[in-house]
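Student: I would like to learn how to read a structure model. Can you take me through one, feature by feature?
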Amino acid sequence: MENSGGIQGNITAGLAGRYAVALFDLARESNAIDAVAKSLSDLRAGLAESADLSALIASPVVGRTDAANAIGAVAKAMQIDSLTAKFLGVLAENRRLADLPKMIDAFDAIVANHRGEVTAKVTSAHPLSAAQLKELTANLKSRVGRDVSVATTVDPAILGGLVVQLGSQLIDGSIRTRLNSFAQAMKG
């Protein structure tokens, strides 16, 4: 049985996957996949940059109404598309905002599969420039032989280099890992 463009297994398993599939289905019916994907990408960036936004979605003490009002204001300020804004309201009403990062990841994977792409999660110590991102995407595309959708995150703790997760494959070229390996080798 086909499930949202052939997505099966781990992506749609669990609560976050089910919400992501529902959002994808609504976005496909409304011809709004690109708008929703952009809004979710903006939300991911907002969550990474704003401790207050992260605290809002994670807080169990914020009531449903307050959470819905707050996330509605965030959606308006970030110019989130109407479908995604309604989705966020449903999450607030159902007390599921804490699962939003997993839902964004699942939605991205569904969209990538729908487009025939492979999704790569890339972590860098500093934001990548447009040229670096373009070169990385081209290198990953030549490696896998398919279009690659790159989702970037910044984690200064890796010190430098990149950590790339491409499907089940993890390529850890971070300086932190190299230093840890060196320290282990020195211990003998």
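Tutor: Start with a charged pair. The side chains of Asp34 and Arg115 meet in a salt bridge, at 2.2 Å from N to O. The term means a side-chain nitrogen of Lys or Arg within 4 Å of a carboxyl oxygen of Asp or Glu. Side chains of opposite charge can pair when their charged atoms come close.

Student: Which parts does the pair of Asp34 and Arg115 tie together?

Tutor: Asp34 lies in helix H2 (residues 33-49) and Arg115 in the loop between H6 and S1, so the pair links parts 81 residues apart in sequence. Helices (DSSP H or I, at least four residues) and strands (E, at least two) are runs numbered from the N terminus.

Student: What should I know about the model itself?

Tutor: It is predicted: local features need pLDDT of at least 70, side-chain atom pairs count only at pLDDT 80 or more, and totals for chains, interfaces and linings use all residues. Residues are numbered from 1 along each chain as its sequence is written, and side-chain values use heavy atoms, with hydrogens and water left out.

Student: How many salt bridges does the whole structure have?

Tutor: A search of the whole structure finds seven.

Student: How many helices and strands are there in the protein?

Tutor: Eight helices and four strands. The C-alpha trace spans about 55 × 40 × 30 Å along its principal axes.

Student: In what order do the strands sit in the sheet?

Tutor: First, the rule: two strands pair if DSSP finds at least two bridges between them. Here the four strands form an open sheet in the order S2-S1-S3-S4, with mixed pairing. Strand S2 (148-154) and strand S4 (169-172) are the edges, each pairing on one side only.

Student: How do strands S1 and S3 run?

Tutor: Antiparallel. Five bridges join S1 (residues 118-124) to S3 (residues 162-166). Lys121 has Gln165 in S3 as its bridge partner. Ala120 stands opposite Leu166 in S3. In a regular strand the side chains alternate between the two faces of the sheet.

Student: And what joins S3 to S4?

Tutor: Four bridges, and the two strands run antiparallel. Leu166 stands opposite Gln169 in S4. S3 and S4 form a hairpin with two residues between them. Look at Gly167 in that turn: its phi is positive, about 65°.

Student: How much area do domain 1 and domain 2 bury between them?

Tutor: Buried area is the accessible area (1.4 Å probe) that two parts lose on being put together, summed over both. Here that comes to about 370 Å², 52% of it on carbon and sulfur atoms. Arg44, Asp105 and Ala112 supply 84% of the area that domain 1 buries against domain 2, more than any other three residues.

Student: What charged contact is there between domain 1 and domain 2?

Tutor: The count is one salt bridge. Now find Lys121 again: its side chain meets that of Asp105 in a salt bridge (3.6 Å, N to O).
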